[in-house]
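User: I would like to go through this structure with you. Could we begin with a few individual residues and then turn to the pocket and the helix packing?

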Amino acid sequence: MYKTANTLPEQIRSRSVALLNRHLAAAIDLHAQIKQAHWNVRGPTFIAIHELFDKVADIVEEYSDKIAERAGTLGGTAEGTVQIAAGRSFLEPYRLGVADGKAHIAAVTAALASFGESARNAIDESDQFGDIDTSDLFTEVSRGIDYQL
């Protein structure tokens, strides 16, 4: 942990940074999965689904940025490289070779739901160990992911 003027005890900040980095990895993976769907959707509803996935990917990318910035604010390091994300993401891998719009929607929906569930669990977890600001961030993320669903 880096020196910071943040008054939360280092033990709490360390736990929050670990929780944030776990979700940062998944958020980076989620963003990549949505872009995979965005690039590969086919069929008569292509443009509508293509544009929808692009908007959802942008929102998820904003959340990954907020998660990473919170880790840094607490004196931690945001561990957000693609290599780290690939090894730590708790999301199911995206199945390649999908072209049907309905199959992409189902896959993206499942990934969003899994991430949203974990964000809801992180609300309680961070609140229980005493970091209500991180809990609040996860509330924002959870609410936004639910809206995307």
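User: Leaving aside neighbours within four places in sequence, which residues is A111 in contact with?

Analyst: A111 is in contact with L30, Q33 and L91, where contact means heavy atoms within 4.5 Å. Please note that this is a predicted model, in which local features need pLDDT of at least 70, side-chain atom pairs count only at pLDDT 80 or more, and totals for chains, interfaces and linings use all residues. Residues are numbered from 1 along each chain as its sequence is written, and side-chain values use heavy atoms, with hydrogens and water left out.

User: Where does A111 lie, and is A111 buried or exposed?

Analyst: A111 lies in helix α4, residues 101–128. Helices are DSSP runs of H or I with at least four residues, strands are runs of E with at least two, and both are numbered from the N terminus. The relative accessible area of A111 is 7%, so this residue counts as buried. Buried means under 20% relative accessible area, exposed over 50%, and partly exposed in between, with a 1.4 Å probe and protein chains only.

User: Which residues line the largest pocket?

Analyst: The lining consists of Q33, L91, E92, P93, Y94, R95, V98, A103, A107, A110, A111 and S114. On a 1 Å grid over the protein atoms alone, a pocket is an open set of points with protein on both sides within 12 Å along at least five of seven lines, whereas a cavity is a set where a 1.4 Å probe fits but cannot get out; lining residues have an atom within 4 Å of a point.

User: What is its volume, and which element gives the largest share of the lining?

Analyst: The largest pocket has a volume of about 150 Å³, that is, the space filled by probe spheres set on grid points joined across faces, edges and corners. Helix α4 gives the largest share of its lining, with five residues. By class, the lining has eight nonpolar, two polar and two charged residues. Ala, Val, Leu, Ile, Met, Phe, Trp, Tyr, Cys and Pro count as nonpolar, Asp, Glu, Lys and Arg as charged, and the others, Gly among them, as polar.

User: Changing topic: at what angle do α2 and α5 cross?

Analyst: The axes of α2 (residues 46–73) and α5 (residues 132–148) cross at roughly 175 degrees and come within 11 Å. The two helices are therefore roughly antiparallel. Angles under 35 degrees count as roughly parallel, over 145 as roughly antiparallel, 65 to 115 as roughly perpendicular and the rest as oblique. Axes are lines fitted to C-alpha atoms, for helices over the stretch in contact, and angles run from 0 to 180 degrees between N-to-C directions.

User: Which residues make that contact?

Analyst: From α2 there are V56, I59, V60, Y63, K66, I67 and R70; from α5, D133, T134, L137, E140, V141, G144, I145 and Q148. The contact has eight nonpolar, three polar and four charged residues.

User: And where is F129, and what does F129 touch?

Analyst: F129 is in the loop between α4 and α5 and is buried at 9% relative accessibility. Not counting residues up to four places away in sequence, F129 touches I12, R15, S16 and L19.
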